[in-house]
Amino acid sequence: MQPKSPDPPRRPTSIIGAFSAEQKLSALLLLMVAFVYLQTLSFEFINIDDNVYVTENVEVQKGLNPETVQWAFTTTDYAKFWQPLVWLSLMLDVEFYGQWAGGFHLTNVILHAINLILLLYWLRRLTGQLDGSFFVAAFFAVHPLHVESVAWITERKDVLSTFFGLVSLSTWLQYLKTRKLRWFSSAWIAMGCSLMSKQMLVTLPFVFLLLDYWPMSRIQGTDASETLRVRCRRVGQLILEKLPFFGLTALFCSIAFSAQSNAGVTKLMVDLTLLDRINNALLSYIIYLQETFLPTGLSVFYPHPGSNVSAGEIWFSMLFLIGITVGVYRQRHYRPSLIVGWLWFLGCLVPVIGIVQIGYQGYADRFMYFPLIGLAFGFAFSIQKKKALFRGIAISGLICCCGLSFNQVRHWKNSVTLCEHGLNVTEDNWFLDATLGAAMMTSPWNVAPERLVNQSHLQLAEKHLRKAILHQPNFSPAHFNLGLTLSDRGQLSPATESFPRALTLRPDYSNARYFLCKNLERLGDFQELAEQRRLLSEMK
């Protein structure tokens with residue numbers, strides 16, 4: 001009797017069946033991102049930094065050429081950071097899209113989509129677990145805290161920096177599996193590129209160490225009876241292998257601090273004491289946790305509370321953070337992903353938590369773009385074995401996140417809708433009052449060729465600008481824009497008082513001096529006009 005020949009391989013019964021589970025889930029993630037973010041293709045540039053980065057940046061507007069490439073690698077004057085890869089990406093957008101804001105938005109969305117696919121495949125290879133990996137990637141894709149990083153053209157630096165960070169994590173994992181130098185070098189170069197986009201991931205070597213604990217299990221070893229001394233020696237070896245990465249951390253920390261100090265950025269909030277900044281840092285961690293699990297009332301700007309934080313809030317924040325840390329430490333043997341994800345969250349926020357204060361904000365949604373991965377990581381891989389509970393939480397959470405994010409993205413349509421929403425969900429938000437006042441004119445933050453002289457708009461602009469100055473009298477753009485508004489309303493004498501106030505706060509404010517000259521000419525004060533013109537010529 002002849003043996004039965006094996007059956008031929010079965011062909012997939014449908015096109016969908018020809019794809020792997022990872023590919024199907026990747027397609028689902030991309031559909032979610034498209035649903036939430038493709039609406040941004042009809043959005044405008046906004047008057048918070050988009051002018052500095054794109055619309056009024058002369059070098060970026062030239063596109064890519066040898067001169068602008070050199071500028072990108074040598075300047076820290078614009079935006080007060082060294083971020084050459086961000087400038088190059090924006091110049092490339094100018095080459096493709098010209099002045100179409102939707103094209104710049106599209107690049108952000110594409111980079112975000114690439115990031116979530118990288119995250120999914122990296123986690124799958126790292127943990128060998130598909131359900132948890134998809135959960136983390138899905139929440140990364142559509143969590144409302146990430147809207148700011150994707151819908152704001154200026155935050156190209158977030159999506160670009162994280163792209164290179166995820167490439168570094170992926171190639172580092174490949175190095176650990178193969179021990180080939182080219183993968184080590186690739187991970188190091190990718191981290192450098194990440195830091196050349198934004199100096200956020202200076203903590204990446206510490207993430208490597210956390211992953212050594214779990215899921216790589218390189219710290220614990222396989223012998224349960226080994227001594228503490230042996231384990232400490234192993235930790236030392238793991239740190240030693242990452243010294244080139246720690247070298248990048250030290251280098252880019254010094255570059256960032258130098259660039260910001262030279263620009264005076266670190267002196268913007270000199271009235272804050274160290275205690276004020278520590279208190280705000282503790283409170284910010286609690287706010288980030290709250291916004292992770294209840295992401296409503298989000299705004300593009302949250303004013304720094306300064307010393308207006310109660311002792312009760314500080315003690316609650318401190319004890320809450322200590323309590324969670326103790327809790328996840330005690331679970332380290334049973335749910336090791338919890339301590340890894342928690343320390344990922346805490347550590348990756350350190351560069352932007354405000355101990356060294358940069359700018360006026362107390363905290364910002366965009367700062368959670370990479371740290372949020374840690375919280376999702378810790379949660380997903382700690383409960384995914386309880387399939388029914390895990391999938392129930394994941395499905396309901398993702399549906400809520402999609403809806404909330406879609407609605408949050410809508411507020412980014414233009415400067416007016418963005419600021420009005422922010423003012424509705426925050427209190428005493430002087431920065432958004434100043435920004436909305438500027439948005440009521442067609443020359444936000446500096447001089448445009450033409451301005452819309454609409455009395456109703458100008459009245460609203462004056463109202464918001466005066467409110468901003470009431471809460472923050474040291475913000476020079478508010479005084480400058482108030483001067484423009486009053487001038488356009490024909491109130492020349494009050495306008496002539498606003499421009500000098502802007503100049504007192506910022507002596508190199510050439511636009512304020514230029515319009516002061518224009519007002520003095522209209523008032524007929526030729527003696528003062530001659531002096532101001534002399535000072536203006538010296539500024540040029």
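1. Arg 534 and Glu 531 form a salt bridge, with their closest N and O atoms 2.6 Å apart. The term means a side-chain nitrogen of Lys or Arg within 4 Å of a carboxyl oxygen of Asp or Glu. The two residues sit three apart in helix H25 (residues 526-539), so about one helical turn separates them. Helices here are DSSP runs (H or I, at least four residues), numbered from the N terminus. Arg 534 is partly exposed, at 39% relative accessible area. Glu 531 is partly exposed too, at 32%. The cut-offs: buried is under 20%, exposed over 50%, partly exposed in between (1.4 Å probe, protein chains only).

2. This is a predicted model: local features need pLDDT of at least 70, side-chain atom pairs count only at pLDDT 80 or more, and totals for chains, interfaces and linings use all residues. Residues are numbered from 1 along each chain as its sequence is written, and side-chain values use heavy atoms, with hydrogens and water left out.

3. Confidence: mean pLDDT is 90, and 91% of residues reach 70 or more. pLDDT is the predictor's confidence in each residue, from 0 to 100. Residues 443-452 stay under 50. For that stretch the model has 34 contacts beyond four places in sequence, a contact being heavy atoms within 4.5 Å.

4. The salt-bridge count comes to 23. One network links Glu 148, Glu 155, Lys 157, Asp 158, Lys 198 and Arg 366.

5. Lys 242 and Asp 212 meet in a salt bridge (2.6 Å, N to O). This pair links distant parts of the chain, 30 residues apart: Lys 242 lies in the loop between H12 and helix H13 (243-263), Asp 212 in helix H11. Both Lys 242 and Asp 212 are buried. Nine of the ten residues of H11 are buried, so the helix is largely enclosed by the rest of the structure.

6. Arg 489 and Glu 462 form another salt bridge (2.3 Å, N to O). Arg 489 is in the loop between H22 and helix H23 (492-505), and Glu 462 is in helix H21, 27 residues apart. Arg 489 is partly exposed at 25%, whereas Glu 462 is buried at 12%.

7. H21 (residues 455-471) has 17 residues, which should span 24 Å at 1.5 Å a residue; its end C-alpha atoms are 25 Å apart, which agrees. The expected span is 1.5 Å times one less than the number of residues. Cover for the buried residues of H21 includes helix H19 (415-425), helix H20 (430-439) and helix H22 (476-488).
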